[in-house]
Amino acid sequence: DDVVDGYIKLAEKYQKTVGNAYNFGSEETLSVIGLISAIENILQKKIKFKILNTATNEIPVQSLDYTKITKETPLVRAYTFDYPTRAKPGQFVNIWLPGIDEKPMSIAFDDGKEYTLSIAAIGGMTKELAKKRVGDYIGIRGPYGTHFSWKRGQRIAMLAGGYGAGPLYFAATLAVKQRCRVDFFLGARSKSHLLFASRIRK
């Protein structure tokens with residue numbers, strides 16, 4: 001049988017196959033995430049899993065935490081999730097939606113354990129991302145790119161327009177911790193579109 005059909009049949013009869021080992025091979029193209037989703041639909045429940053392939057060119061899977069998807073503006077949602085690799089202000093990650101697209105997204109914050117991405121639903125891929133709910137899967141790769149730099153105690157002026165407030169908020173937070181004086185200028189097309197305005201005031 002085809003590899004996908006094989007795993008799905010195992011899922012349908014998993015109570016009878018516990019303790020047995022199976023191996024399948026095929027040219028069928030289906031992402032690991034897609035296969036897991038298919039099995040979860042059969043079992044009618046979420047399953048815990050871990051991807052053991054840690055090759056650098058692979059995209060690790062992340063499960064969105066429903067307590068950490070917040071609507072920041074009419075268009076922007078903030079997604080916060082655990083991530084093992086630390087980032088610097090100005091860097092980005094690639095976000096992958098299986099079967100849809102992969103796009104680079106700036107990192108809006110890294111608290112040393114979790115990333116926050118602020119993403120506007122303005123294109124095909126980001127509009128699909130905005131539909132994600134509890135336990136939906138996305139692929140994440142990175143971080144990549146250069147980063148902002150400054151000297152300890154420096155006075156810094158930051159000018160952020162619209163979605164650009166994300167990575168600059170991250171930079172400002174770290175700069176303040178290094179005793180920098182930050183003058184932050186935030187703009188948008190209307191008051192309701194000011195991203196992270198309440199956080200920046202603090």
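This note goes through a predicted model, from the whole chain down to one threonine.

1. Ground rules. In this predicted model, local features need pLDDT of at least 70, side-chain atom pairs count only at pLDDT 80 or more, and totals for chains, interfaces and linings use all residues. Residues are numbered from 1 along each chain as its sequence is written, and side-chain values use heavy atoms, with hydrogens and water left out.

2. Whole chain. The protein chain has six helices and 10 strands (DSSP runs numbered from the N terminus: helices are H or I, at least four residues; strands are E, at least two). It has 202 residues, and 36% of them count as buried (under 20% relative accessible area, 1.4 Å probe, protein chains only).

3. Contacts. Take contacts (heavy atoms within 4.5 Å) between residues at least 6 apart in sequence: 69% join residues at least 24 apart.

4. Four strands line up in the order 2-3-7-6, with antiparallel pairing (two strands pair if DSSP finds at least two bridges between them). Strand 2 (69-71) and strand 6 (109-110) are the edges; each has a single partner strand, so one side of each lacks a neighbour in the sheet.

5. Strands 2 and 3. Strand 2 pairs with strand 3 (residues 76-82) over three bridges, in the antiparallel sense. Threonine 70 has alanine 78 in strand 3 as its bridge partner.

6. The loop between them. Threonine 73 sits in the loop between strand 2 and strand 3. Threonine 73 counts as buried because its relative accessibility is 5%. A polar atom of its side chain lies 3.0 Å from the backbone nitrogen of valine 76. Leaving out residues up to four places away in sequence, threonine 73 touches Ser192, His193, Leu194 and Leu195.

Key:
Buried < 20%, exposed > 50% of the residue type's maximum accessible area, 1.4 Å probe, protein only. Polar contact = N/O pair within 3.5 Å; in protein donor to acceptor, adjacent residues only side chain to side chain.
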